Amino acid sequence: MTAIKHALQRDIFTPNDERLLSIVNVCKAGKKKRNCFLCATVTTERPVQVNVVKVKKSDKGDFYKRQTAWALRDLAIVDAKDAVKESPEFDLHFDKVYKWVASSTVEKNTFISCIWKLNQRYLRKKIDFINVSSQLLEESVPSGENQSVAGGDEEAVDEYQELNAREEQDIEIMMEGCEYAISNAEAFAEKLSRELQVLDGANIQSIMASEKQVNILMKLLDEALKEVDQIELKLSSYEEMLQSVKEQMDQISESNHLIHLSNTNNVKLLSEIEFLVNHMDLAKGHIKALQEGDLTSSRGIEACTNAADALLQCMNVALRPGHDMLHAVKQQQQRFSDLREQFARRLASHLNSVFVQQGHDQSSTLAQHSAELTLPNHHPFHRDLLRYAKLMEWLKNTDYGKYEGLTKNYMDYLSRLYEREIKDFFEVAKIKMTGTTREGKKFATLPRKESAVKQETESLHGSSGKLTGSTSSLNKLTVQSSGNRRSQSSSLLDMGNMSASDLDVADRTKFDKIFEQVLSELEPLCLAEQDFISKFFKLQQHQSISGTTTNEAEEMDGGTLSRSYTSGVPQTISSEKDMIRQMMTKIFRCIEPELNNLIALGDKIDSFNSLYMLVKMSHHVWTAQNVDPASFLSTTLGNVLVTVKRNFDKCISNQMKQMDEVKISKKSKVGILPFVAEFEEFAALAESIFKNAERRGDLDKAYIKLIRAVFVSVEKVANESQKTPRDVVMMENFHHIFATLSRLKISCLEAEKKEAKQKYTEHLQSYVIYSLGQPLEKLNHFFEGVEARVAQGIREEEVSYQLAFNKQELRKVIKEYPGKEVKKGLDNLYKKVDKHLCEEENLLQVVWHSMQDEFIRQYKHFEGLIARCYPGSGITMEFTIQDILDYCSSIAQSH
């Protein structure tokens, strides 16, 4: 234990200027034994501080660390558990009870005894020592080792007095006179005793000799005591005399204190009154403005705005504690509330009147826009209302119920006004779409009965009434049959869709301009109204936090504007940006259905109009999203764009369906299939429309679908063709497709262009080879037999020994095809090819030239076989290559 004590003193307490007086090894009662040390320490500097320190061995090494320290003055009770029976347990009551178990009873008793002595020496406070043996508490100074623990060293230090210089000198003289004292201490002590006795006797004699002076001194002391008694009597009388003066002075002091207190209270009261007067007093001019201010003039509006702000400041003043209990304050607050309620009611009534009046003025100008494709300008209306923007903000902050009511009234009224304007605007647009484009020419429409067209047209406008002046013109629309169209295209028109060639380019351009004008008129109208709403109703257009946006804004229920109330204070559920979008949705609720009706009408007029609408709508959606992707305009146009995209996909699907359902005539040649020509028209139109468009990807996907459908349908028709050979159908149509793709240079169809060229080349070669076998049929069969014998293993020079293929048989076959017969056969072949091919594709000369080359190739092949199989026979064809060239040229020129 001594080694531990020394280590703790060195490592922990010496650096902190403390001395370790006692130590006990303990562990917490009732827990897993983790030993630690309780140390009683005192500081080496004054004033001395006594502490009880808990020291614990570190988990990471063999060194000790200071864990907890308690001041001894905070110790209330020391409980040794049992004063008779020895027990290692004891409790120390600081801020809470700490239960300990010492490693031995001796250490526990030594520690408690040290605590008792430190308390007696330094604190002098009452610490309750309960269940402690009286022997531990009565032991004053322990012997042996415990003496240092009890602080004996400190007492010795306190009683020790250092010798001064004179005492040191006397001791030195005495020691010099008694040198033997060093060797004989007893003799030295006896000498000192004798000298002390001599000095005592001299002192007694001196005292006895001075007895007379002592008597005189005693007499003087008695007289002095008498004088002191007399002075005390006089002082008592003086004190009695001053007692009344003291009472009077106390009364004066108390009075002065009350006066000072009264003055202090008056100053504080004046400060409170000045605070209330300065902050809760509303000028008469402001009161008059709130009660009677003119809300029609700019000056009156400004005065009312200033008065409303002043009233709001007075109502929102931060009252000090107790002010709200004053009757005058309550009265003033009630007055302010009445003024606020009165002005809010007057302001709401006036703004409702302004809404109605401005609406009548706006309706009066509606007639001048009825014949033009323009929307009325609401800028004057917005400009007049924006003068009340600050008052609306005041109303929002003070009376949210009336602010909400105004918001609802504004939405209800404006929705009706805009609905009339927008429906009339769309009526004009529909009239222009279905009206005449040039004198004597109408838009071509679907080749159905006029009653069906009328019924579908009326269904488009069921929500907005009948079209004025447009329904009758629409009912007169008839199918325009193109004079230069092929007879095969009539089957496509019978399926209920229009070919792009049936419409004039100017008509489509006019539709494009009308649709663009509609969008161009709607955009500034919506943006201006949204900007006005944010400014007038003090709503922020930009959110501080991002939120999810929906494609469709929900309808507001009863003007609640998505707000709830808790203790009269509105709490925003959705952001102000959502409120703007909800208000715009209710005000312009007719825009989306009207746009959808217009799109449906354009699609009925011409399904290819969906291309124009897709490009225009995509551009406007892209522009709106760049401004604000979550705005009403962006959301609405995005929803309509979905409809346009569906119509575009439907247009593509219908064309593919027509390809699949196409029927060809069994009595006439096929030629260029209608859907191939229509794909050319569609691609040419689409390329002109989608130039630099944002939705080019949609067109590329449609191209892929259409061209694959065209390929499949061409092969299907070629397989079903009875009048025209399959190779001709494939050759002509794939040549037309290849020419179209080469001319339009559509990058996404490069692979299909190569495939079309490959198919055209393959079927051209196939057709040529198939057709050329007919003019020299017997000669072809003869040489096929020759090649078959060679393939079976007979040597070429031995073929002439075969009975069926000897020289006589060869000459016999060659004689059947003189030059005249060859020319005749080629002429018949030319006529047959001419019957197979169509004039539109103009491939006759190409095919004829290919046949000429193929015929010459076969001629050379026959000559080669004769030279190899019949060497030295001198057998030759009765016509030459030059004759073939002359025959082919002559036949081509004659036709």
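## Strand pairing and helix packing in a predicted model

Strand S3 (residues 50-57) pairs with strand S4 (residues 64-71) in the antiparallel sense, over 7 bridges. This is a predicted model, in which local features need pLDDT of at least 70 and side-chain atom pairs count only at pLDDT 80 or more, while totals for chains, interfaces and linings use all residues. Residues are numbered from 1 along each chain as its sequence is written, and side-chain values use heavy atoms, with hydrogens and water left out.

Two strands pair if DSSP finds at least two bridges between them. Strands (E, at least two residues) and helices (H or I, at least four residues) are DSSP runs, numbered from the N terminus. S3 and S4 form a hairpin with 6 residues between them, and the bridge partner of Lys56 is Lys65 in S4.

| Pair | Residues | Bridges | Bridge partners |
|---|---|---|---|
| S3 and S4 | 50-57 and 64-71 | 7 bridges | Lys56 and Lys65 |
| S5 and S6 | 77-79 and 89-93 | 3 bridges | Val78 and Leu92 |

The open sheet has 8 strands in the order S4-S3-S2-S1-S7-S6-S5-S8, with mixed pairing. S4 and strand S8 (128-130) are its edge strands, each pairing on one side only. On average, neighbouring strands of this sheet are turned by 30° against each other, direction ignored. Axes are lines fitted to C-alpha atoms, for helices over the stretch in contact, and angles run from 0 to 180 degrees between N-to-C directions.

Helix H1 (residues 2-13) packs on the sheet and touches strand S1 (18-28), strand S2 (36-43), S3 and S4; contact means heavy atoms within 4.5 Å. The direction of H1 makes about 115° with that of S1.
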